[in-house]
Amino acid sequence: MPFFSPLPLAFSSIVIFLMMAGLALLLQNRQTFLVNMAFFLSTVSCGIGLYAGFEAVASGSMQTMIMPIGLPDLPFYIRVDALSGFFLSLASLTGLMVSIYSFDYVKGILSARKATKLVVFYCLFMAGMLLVLISDDAYFFMSSWELMALSSFFLVSFEDESAENRRAAFLYILIAHIGAVMILLSFGILAGFAAGFENFMGYRFSAMRSAEPGMLWASIAFFLAFFGFASKAGVVPLHVWLPEAHPAAPSNISALMSAVMLKIAIYGILRVCMDIIGVQVWWWGGVVLVIGLITAVMGILYALMQVDIKRVLAYSSVEHVGIITVGIGLSMIFTSFELRMLAALALTAALYHCLSHSVFKSLLFMAAGSVLHSTGERNMERLGGLIHKLPWTSALFLVGALSIAAMPLFGGFVSEWLTFQAFLLSPVLPNALLKILFPLGAALLALTAALSARCFVKVFAVTFLGQRRAVPTTETHEAGMSMRLAMSIAAISSLALGLFPSFVIDWIDTVPQSLVKGRIASSAGAFGWMWLTPISAERASYSAPIVFIGIFAAVAVAWLAFHGKKAATRRSATWDCGFEKMTPRMQYNSTSFAMPLRRIFGFLFVVSESVRTSHAQPGSAPRIRYSLRIEDRLWYVFYKPFSDAAYYLAKQANRLQHGRMQIYLLYSFITLITLLVFA
Amino acid sequence: MSHELAIEINSLLAALILLTSFGLLVQRRVYGLLHIFAWQGVFLSVSTAIVGYSAGLNHLYISAAMTLVIKVFALPYILYVLIHKLRIKKEVEDMVNIPTTMLIGIAVVIFSYHLTAPIRELSTLMTRSTLAVALSTVLLGLLMMITRKKAVTQIIGFLALENGLFFAATSATYGMPLVVELGVALDILIAAFIFGMFFFQIRTSFDSLDLKEMEKLKDLD
């Protein structure tokens, strides 16, 4: 195997990360040097990974290798094919941007605390994610999966002096373990049916592919794997950890978790559910589709209600994972009916959305990080008017917001448009139930896209426009050079994904080809790179470059018309209707902007709202206090009963604990005697 | 020394070990406990040597020598120093009175004989009849730990339990592999040191070595 081929390159990228994690421990006393070196190596290593992944997808070839490590007789198998190559390049691209961003970001926190822990677990986290992608047996896969989960746990609890962060980290590791157990059980079923339940020989993915577990067991394995990975991806109702963990982690880590780790979980769904188990009946895809739709709608509704900028982004990740899951569900349904081309279209849409979501979500998290970095504030109700202080961050955040709101020109639009195309082709399906479900799903998806736009209008306007709502506690300053550079790369990537979809689809095409045995590149690019025609030109077509030129022309004309004459621009204070006592508190804020939607969709949440008027002194103006609490209703349905039951059982078990050593010894004595008598 | 004689002597030693186990249960003085424990070690060591001689297993001599050094001299000495430094006078206070403990102990011995009966019939080793004694020694050690209030006596109970395990290994399979035995012996020695340190810690924290005080450690919600 030549060295400059995907697998050795991907492997060397991982080795660099692992080495750096070890090296970081030696450089504890030279923090600035440590940060520079770690993120430089990380950038290089991500560059290598990006090339490896790009090559793997472009060539569509497959490379496998047996590693000399592992347990005796159970060596680790690794493999890079188009699917893992795609996620490899996605992870490396985001990793590259976040690494560049981290130079200045991590130096910014050095004054408060040491960064050694952050660097070590950052490297292990990246290595774990890349290892998941190249592993080709259940044993190595689970080890890498746990490496990823545990290192991210330590990253979430990095600022561990706050009880809230510790609670978030605990919730995260709890749900991660429940998910891991489900994945393990699924692998167990598959390995058992592949090579018998008496030995371990079925642990290779290639062996599992040949397993024939029968309908019942295949369904059980499929849904165990799906929900196991879904818990990591943040699919409703397993999403509760996500809005807690993402804000708790440092912003560069939030970007990685949201943009890459969730996609690794998506990779798991594709790899295990579609590649290894294979879709056998349509209702599997139907369930996935419905869950995806619920996730998308609930995610964005929750996002709208939040006032913490990072929580908004976290909930919006839930929404986008939902959209990706919808694409996967559609692809599964089409596969089960042997509609290869449509399956390829839906899968391409899902993959495209993975890619564009990682780009714009990392951009948004990085921008939110630089807002946090420069103002020390995450609560939007205390921000505002930052466009004057942070021009770069604002402009780049706007690009991210336009992209996430699926505005044409940017990456988000193309992928959501492709998902819609897949939906709109439902009349060909030979199933009445699905024919009804599909238009409904398309409507829900449209609602999601609209709500998403509203949500990001809110975030951008409340954070960057208007006036600052609270007195700044620290001096507000623009983000550092490396942070701006990283965000610019992300913004340009997002624009490129929106402008040249034909190239990207042509590149991705090997993945659906290997996974669902269909391809769309030849029809999608049938009219040259300017036009995107997913199935045929009569049905739908979109030309990003023409739209771009149109918008550019319109903006240019408008700008020339209004800004051409210098005298026409006049700056003055906002007209206050003669009231004269305008304060920043009179602006629209996040809560008031979301209020109409809270009225409409309030039944989905537990909303407790109260207005209290009190008179401090007779005759003086009344003091009005408004308080609002919005809670997740699903918490009370899916989590509260279990945690209550666990507490109850623990209390009962606690009765056995007296604190007297003799009693404990007596327990052992009685157990021993009982076992001796009966065993 | 003929084979039969060896079996007879071994049985006698087993009886003596059982006797010392009961001795540990009834002894009220803490120095007395140490003496009995040391004697138990002597009997154990001699028994191991005899088994080694008649079965022709040389590694048992090493075990016997180790038992002699650690259990007869080192451990009692460490505990003696400890008791002396902690100024423990009359440490033996029990939760269940001594006659009752004795009755439970007799029941335990009968139970052990009943339990090992099938093994006695199957085994061909010369030591097969002593297995019951070994099991009773283990259970009596555990019983001693349960019925005593003070920490020092718990340790002696624990060490007696370990003697029983060692004896069981000798009588059931002519001893464990030497590596295991070396490891166990070392563990016991280290355990004694750790116990010693704990005693000082417990006393400084609670002003007493009564385990009742440790109930305070229970996490109350």
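Modeller: The discussion below takes the terms in turn and sets each value against its definition.

Modeller: This is a predicted model, in which local features need pLDDT of at least 70 and side-chain atom pairs count only at pLDDT 80 or more, while totals for chains, interfaces and linings use all residues. Residues are numbered from 1 along each chain as its sequence is written, chains are lettered from A and ligands numbered from 1 in the order in which they are written, and side-chain values use heavy atoms, with hydrogens and water left out.

Biologist: Why is His357(A) called buried?

Modeller: Buried means under 20% relative accessible area, exposed means over 50%, and partly exposed lies in between (1.4 Å probe, protein chains only). His357(A) has 0% relative accessibility, so it counts as buried. This residue is found in helix α13 of chain A; helices (H or I, at least four residues) and strands (E, at least two) are DSSP runs, numbered from the N terminus.

Biologist: Which residues does His357(A) touch, leaving out those up to four places away in sequence?

Modeller: Contact means heavy atoms within 4.5 Å. By that rule His357(A) touches Ser258(A), Lys263(A), Ser317(A), His320(A) and Ser362(A).

Biologist: What makes Thr375(A) buried, and what lies by the polar atoms of its side chain?

Modeller: Thr375(A), which is also in helix α13 of chain A, is at 2% relative accessibility and therefore counts as buried. A polar atom of its side chain lies 2.7 Å from the backbone oxygen of Val371(A), and a polar atom of its side chain lies 3.3 Å from the backbone nitrogen of Glu377(A). A polar contact is a pair of N or O atoms within 3.5 Å; within protein, one must be able to donate a hydrogen and the other to accept it, and residues adjacent in sequence count only if both atoms are side-chain atoms.

Biologist: Is Leu628(A) buried, partly exposed or exposed?

Modeller: Leu628(A) has 26% relative accessibility, so it counts as partly exposed. It lies in strand β4 (residues 623-632) of chain A. Its C-alpha atom is 7.3 Å from that of Val607(A), 21 residues apart along the chain, and Val607(A) is among the residues that Leu628(A) touches.

Biologist: What makes a group of residues a nonpolar core?

Modeller: A nonpolar core is a set of buried Ala, Val, Leu, Ile, Met, Phe, Trp, Tyr and Cys residues joined through side-chain atoms within 4.5 Å. The largest one has 225 residues, and Phe86(A), Phe87(A), Trp145(A), Trp241(A), Met257(A) and Leu270(A) touch the most other members. Helix α13 (residues 340-375) of chain A gives the largest share, 21 residues.

Biologist: How do you know that this core lies between two domains?

Modeller: Domain 1 (279-521) and domain 2 (601-678) of chain A both give residues to the core, so it lies between them. The domain bounds come from an automatic or database domain assignment. The domain centres, taken over C-alpha atoms, are separated by 35 Å.

Biologist: Why is the pair Arg209(A) and Asp275(A) called a salt bridge?

Modeller: A salt bridge is a side-chain nitrogen of Lys or Arg within 4 Å of a carboxyl oxygen of Asp or Glu. The closest N and O atoms of Arg209(A) and Asp275(A) are 2.8 Å apart, so the pair qualifies. Arg209(A) lies in helix α7 (residues 205-209) and Asp275(A) in helix α10 (residues 251-277) of chain A, so the pair ties together parts that are 66 residues apart in sequence.

Biologist: How far apart are the atoms of Lys640(A) and Asp644(A)?

Modeller: Their closest N and O atoms are 3.6 Å apart, and the pair forms a salt bridge. Being four residues apart in helix α24 of chain A, the two are separated by about one helical turn. Lys640(A), at 32% relative accessibility, counts as partly exposed.

Biologist: How many salt bridges cross the interface of chain A and chain B?

Modeller: The rule finds zero there. The chains bury about 1600 Å² between them, 72% of it on carbon and sulfur atoms; buried area is the accessible area (1.4 Å probe) that two parts lose on being put together, summed over both.
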